[in-house]
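Me: I have a protein open on screen and want to get my bearings. Can we go through it together?

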Amino acid sequence: MINFRYHLVSVTAVFLALTIGLVLGTTALNGPTMDALSVTVNSLRNDNEQLRDEVSQLEDDASEDHNFAAEVAPATLAGGLEDEKIAVVSVGGADPAHVEDLMAMLDHTDAKVVGQLNLTDAFTDPANSAELTDLVVEMTPKDYEPPNNNDGLESASALLAESLVKGSDVDSDDRDSIVEAMDALEMLSVGKKLGDKATGIVVVTGKPYSEADAVDRNTNVFTFADQFSQAGSVVLASPTIVGDGNVVRAVLGDESVADEISTVDNVSSPEGQLAAVLALSERIDGDVGHYGTGEAATALVPQSP
């Protein structure tokens with residue numbers, strides 16, 4: 001017959017077994033197993049501290065590299081673009097800080113920055129192609145014939161590029177009207193009012209688009225750069241190549257375009273901004289190069305003129 005005493009003995013036996021197990025387990029861990037675990041934990045802690053120190057050192061080194069590029073820029077660039085007239089154009093979500101830093105680099109060259117324009121995301125929106133086509137039909141001067149293939153962005157890019165470069169068939173009054181019309185459509189904003197026609201242009205882009213219509217938008221940025229390269233001496237400057245859709249990668253993948261436009265793939269850094277200005281001087285002289293840290297880059301920077 002099962003009585004209270006039986007239950008008491010059973011419960012006592014269970015707790016006794018648990019106690020013995022805990023004692024035996026603790027004893028085992030306090031031996032070689034515990035020592036091995038302690039050694040492993042200490043080793044991992046030391047490795048982690050070493051890796052943290054290495055990361056900190058790499059960050060310090062990168063910062064020093066940036067500082068070095070910024071400090072040597074005045075002497076390296078002095079007189080490199082003397083008597084040249086440079087326009088800076090941003091497109092594809094370019095970071096305003098990159099544009100500003102690049103223009104500061106241009107200040108060291110004795111060049112005259114004759115204007116700065118920012119193309120908005122509305123410009124690269126594929127849904128606005130028809131609106132751009134209408135603008136081109138309305139604003140194109142009689143002496144100039146833009147591409148006519150029902151691609152509004154391509155035609156508008158060609159017209160804008162032609163209006164900015166020296167020696168084109170689009171005079172300054174027509175250029176200003178084109179810029180005002182695009183500004184009214186919120187497809188463009190003026191960072192620095194346009195003056196003389198440009199002898200060289202830097203096109204600054206942002207990181208690739210990643211929205212639902214990213215493929216078409218990124219293609220539009222490439223088309224924009226291509227049309228500008230056909231109009232005059234152009235350097236295309238982009239942040240570090242990451243992921244699909246990067247315009248520099250697209251240019252380098254098209255041999256005919258790559259032969260006409262110089263590229264810099266790390267404009268987010270002082271080194272890249274310095275390279276872009278040196279590349280512009282080289283491009284105005286008739287040479288093309290591809291610079292930066294990407295696999296297809298021929299060098300970090302062009303040789304100093």
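**The core**

Me: Which residues in the largest nonpolar core touch the most other members?
Reply: They are L119, F123, L160, I201, F224 and F228, out of the 46 residues in that core. Keep in mind that this is a predicted model.

Me: Which helix gives the most to this core?
Reply: Helix 5, residues 152-164, with seven residues.

Me: New topic. What order do the strands of the open sheet have?
Reply: The seven strands run 3-2-1-4-5-6-7, and the pairing is mixed.

Me: Which strands stand at the edges?
Reply: Strand 3 (188-192) and strand 7 (290-291). Each has a single partner strand, so one side of each has no neighbour in the sheet.

Me: In what sense do strand 1 and strand 4 pair?
Reply: Parallel, over six bridges. Strand 1 covers residues 85-91 and strand 4 covers residues 200-205.

Me: Which residue in strand 4 is the bridge partner of A87?
Reply: I201. A87 is also on the contact list of I201.

Me: Is D101 exposed or only partly exposed?
Reply: Partly exposed, because its relative accessibility is 35%, and that class falls between 20% and 50%.

Me: How far apart are D101 and S269?
Reply: In sequence, 168 residues. In space, 9.0 Å from C-alpha to C-alpha.

Me: How do the axes of helix 2 and helix 10 cross?
Reply: At roughly 50°, coming within 9 Å. That makes helix 2 oblique to helix 10 (residues 270-284). The crossing is right-handed.

Me: Which residues meet there?
Reply: From helix 2, D101, L102, M105 and L106. From helix 10, P270, Q273, L274, A276 and V277.

**The whole protein**

Me: Last one. How many helices and strands are there?
Reply: Ten helices and seven strands. The protein has 305 residues, and 41% of them are buried.

Notes: Residues numbered from 1 in each chain as written. Predicted model: local features only at pLDDT ≥ 70, side-chain atom pairs only at ≥ 80, totals over all residues. Heavy atoms only, no water. Pairing = 2+ DSSP bridges. Helix = DSSP H or I, 4+ residues; strand = E, 2+ residues; numbered from the N terminus. Core = buried A, V, L, I, M, F, W, Y, C linked by side-chain atoms within 4.5 Å. Buried < 20%, exposed > 50% of the residue type's maximum accessible area, 1.4 Å probe, protein only. Contact = heavy atoms within 4.5 Å. Axes fitted to C-alpha atoms, helices over the stretch in contact; angles between N-to-C directions. Parallel < 35°, antiparallel > 145°, perpendicular 65-115°, else oblique. Left-handed = near helix turned anticlockwise from the far one by under 90°. Lists of a residue's contacts leave out its neighbours within four places in sequence.
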